[in-house]
Amino acid sequence: MIPYVRDLKFDYGACDQVSPLIRRVVANNPGPFTYLGTGTYIVGRGEVAVIDPGPDMDDHLEAILKAVEGEKVTHILVTHHHSDHSPLAKPLQERTGAPIYGCAVGSRASESTVVTEAGSDLGFTPDVSLCGGGQVLTGPGWTLEAVATPGHTSNHICFALKEENAFFSGDHIMGWSTTVVSPPDGDMTAYMESLELVKSKGYDILWPTHGPPVTEVTPFIDAYMAHRRAREAQVLGALAGGQTRIKDMVPGLYVGTDPRLFPAAARSVLGHMIDLVRRGKVVTDGEPHLDSDYRLAG
């Protein structure tokens, strides 16, 4: 079982100091994929970085600007191109002059635009590319390292705050829910590898863009990975039981899940299928798709 953390005390539009170097402003865009809303993080004092500005909402922009009044925004950092993360980057840049950092949208992102998210900002293009990770961004008293974490999307980037051994995990790891992995831009193989990478870093705390922080990092990531392996086993079991199509598997695999999330669930099952085909455990005729017929190898 994943030890979810879901309790978060906040007021929309308010700026909360959540650690010595981190402030958070939550956008009023709650929903089945955004939970309570997008948490925009402000790192540092005086000269600050803003992580995941969020959706293009005037009230959220004004809340961020109020939070940094009298300070200089030097970096606008974006974890990925979904519409609850990146669209406000440009309006924030217009008001502050700060460059936008992130990884451009992948060539297959448009094919993943289904009702699994709040939508996609397919035109997202940063001023400074962080693709591949490893870049170090600094300000007075703070140091952020870009960490490439493909899986949820091909261009997903997280940020490690050296001074607090903290990790801004975007949608890669969330305390309140599992992460959607929607092919072809989402990739289950890459996602599992990215989870292993984050675990190996030994961070003390994770700050997801949605929901509260994760403070028991290693056990949480272990449970996250175990959940994916268990889902894989369920998929293999459904195939062994004679189900050959993803749409027929989803209701049984996701008992108790909000039906609004079934399209996202189907995309995640497709992610598992593609991974299983790559590993030679499952076969299908042609390229794996949502409507393909699948069978166990051998």
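Predicted model: local features only at pLDDT ≥ 70, side-chain atom pairs only at ≥ 80, totals over all residues.
Strand 11, which spans residues 166-170, is mostly covered, and five of its five residues are buried. In a regular strand the side chains alternate between the two faces of the sheet. Along strand 11, A166, F168 and G170 point one way, whereas F167 and S169 point the other way, and burial extends to all of these residues.

Two strands were found to pair with strand 11. Strand 10, comprising residues 157-161, lies antiparallel to strand 11 and is joined to strand 11 by three bridges, with L161 having A166 as its bridge partner in strand 11. The hairpin that these two strands form has four residues between the strands, and in this hairpin N165 adopts a positive phi near 45°. Strand 12, comprising residues 205-208, runs parallel to strand 11, and the two are connected through four bridges; here A166 is placed opposite I205 of strand 12. Together with helix 3, which covers residues 188-201, strand 11 and strand 12 make up a β-α-β unit that is right-handed.

A further antiparallel pairing is formed by strand 8 (residues 136-139) and strand 9 (residues 142-148), between which four bridges occur. Within this pairing, G139 stands opposite W142 of strand 9. Strand 8 and strand 9 likewise form a hairpin, here with two residues between the strands, and G141, located in the turn, has a positive phi of about 85°.

Methods
Residues numbered from 1 in each chain as written. Heavy atoms only, no water. Buried < 20%, exposed > 50% of the residue type's maximum accessible area, 1.4 Å probe, protein only. Pairing = 2+ DSSP bridges. Right-handed = clockwise from strand over helix to strand, strands pointing away.
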